[in-house]
Amino acid sequence: MVINHNGADEEETNPLDGKKRWTKFNPKSGRFPRDWNCFHPSRYERTMIEGERFAEFSHLCHRISRV
């Protein structure tokens with residue numbers, strides 16, 4: 001398990017850099033839905049972290065209080 005990563009339901013295009021990533025997540029429980037803004041890069045954290053990609057999943061952005 002990689003603590004700072006999540007799987008996702010589908011890919012979506014990040015509007016900041018135009019790249020598709022697996023960042024759209026709609027859990028059946030309805031708790032903690034995620035989209036591109038919950039991951040790097042986002043409007044909260046525009047830089048990528050070293051070692052950012054693991055199996056095509058991006059790091060969660062912890063600058064967002066709900067994350």
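Me: How many helices and strands does the protein chain have?
Reply: In this predicted model, the protein chain has 2 strands and 0 helices.

Me: How do the strands β1 and β2 run, and how many bridges join them?
Reply: They run antiparallel: strand β1, residues 10-13, is joined to β2 by 4 bridges.

Me: How many residues lie between the strands in the hairpin of β1 and β2?
Reply: There are 6 residues between the strands, and Gly-18 in this hairpin has a positive phi near 75°.

Me: Which residue other than glycine has a positive phi?
Reply: Look at Phe-32, whose phi is near 60°. Phe-32 sits in the segment after β2.

Me: Why does Phe-32 count as partly exposed?
Reply: Buried is under 20% relative accessible area and exposed is over 50%. Phe-32 has 28% relative accessibility, so Phe-32 counts as partly exposed.

Me: Where is the cis peptide bond with omega near -15°?
Reply: That bond goes from His-40 to Pro-41. Pro-41 belongs to the segment after β2, the strand of residues 20-24.

Me: What can I read from the chain as a whole?
Reply: Start with burial: 34% of the 67 residues in the protein chain count as buried. For the surface, the chain exposes about 4,600 Å², with 51% of that supplied by carbon and sulfur atoms. Finally, among contacts with a separation of 6 or more, 35% involve residues 24 or more positions apart.

Methods. Residues numbered from 1 in each chain as written. Predicted model: local features only at pLDDT ≥ 70, side-chain atom pairs only at ≥ 80, totals over all residues. Heavy atoms only, no water. Buried < 20%, exposed > 50% of the residue type's maximum accessible area, 1.4 Å probe, protein only. Contact = heavy atoms within 4.5 Å. Areas by Shrake-Rupley, 256 points an atom, 1.4 Å probe, with all protein chains shown as cover. Pairing = 2+ DSSP bridges.
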